[in-house]
Amino acid sequence: MVRRNEIRAGERAVTMPEANDAGLVFIGRIHTPWTDRLQCPRQGRLDGPACRIELFEPWVPGLEGLAGYGQVEVLYWLHESRRDLILQSPKSDGRTRGVFSLRSPVRPNPIGTQIAKLVRIEGNVVVVQGLDCLDGTPLVDLKPDRCAFTPLAPRQPGDDQIEGGD
Ligand code: SAM
């Protein structure tokens, strides 16, 4: 069962420091079938329902070249999460441990990441399978998955210049 706002046995909340604003910009919005955290999968599955990642302007031209990849890494902001629980006791086993040993959505900076199957791109919308977030979740970033098993996009002239440019 997903938490609402309760503090479970063993958990510890901290006082959130004032934001040290990194200037994060939400570049889009994710449309999924789930409107309640209770319905959301804990982790997405590559055979899950198709979800639509809507890119806002002026970021849409940044999709150029993405279609050649089979999988995409999606980074999103789990905007309905509380952020102050440094120790957590997951409902699954009740064993208390630190936030950084968990993939809980409750974290100081509630960034979710997921490798998703890239189904198609339609204009400013990237259709994927494999997400686990609420409808309306803000999009932080998209990256081509670079695991060894991912089909590589066809090489383009000039690729040698940008290789390793991360
Ligand atoms: N796959 C990501 C990861 O590992 O970083 C997220 C995993 S997190 C366990 C997924 C859960 O976060 C969902 O089951 C749901 O309970 C919760 N969740 C999804 N979207 C959310 C949102 N926008 N705000 C707060 N919680 C959300």
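This is a predicted model: local features need pLDDT of at least 70, side-chain atom pairs count only at pLDDT 80 or more; totals for chains, interfaces and linings use all residues.
User: Which strand pairs with E4 over seven bridges?

Analyst: E7 does, again in the antiparallel sense. Leu75 faces Thr113 of E7 there.

User: Why is E4 described as largely enclosed by the rest of the structure?

Analyst: Buried means under 20% relative accessible area. Six of the seven residues of E4 are buried, so the description holds.

User: How do you know that Val74 is in contact with Leu142?

Analyst: Contact means heavy atoms within 4.5 Å. Leu142 is on the list of residues that Val74 touches beyond four places in sequence. That list also includes Ile30, Ile53, Gly112, Leu131 and Leu139.

User: What makes the set around Val74 a nonpolar core?

Analyst: Its members are buried nonpolar residues joined through side-chain atoms within 4.5 Å. There are 23 of them, and Ile53, Val74, Leu131 and Leu142 touch the most other members. E3, E4, E7, E8 and E9 each supply at least two residues.

User: What makes a residue part of the lining of the second largest pocket, and how many residues are there?

Analyst: A lining residue has an atom within 4 Å of a pocket point. For this pocket, 33 residues line the space, with Arg42, Arg103, Ser104, Pro105 and Val106 nearest its centre. E7 gives the largest share, four residues. The pocket holds about 770 Å³.

Conventions. Residues are numbered from 1 along each chain as its sequence is written. Side-chain values use heavy atoms; hydrogens and water are left out. On a 1 Å grid over the protein atoms alone, a cavity is a set of points where a 1.4 Å probe fits but cannot get out, and a pocket is an open set with protein on both sides within 12 Å along at least five of seven lines; lining residues have an atom within 4 Å of a point. Grid points are joined across faces, edges and corners, and a volume is the space filled by probe spheres set on the points. Buried means under 20% relative accessible area, exposed over 50%, partly exposed in between (1.4 Å probe, protein chains only). Two strands pair if DSSP finds at least two bridges between them.
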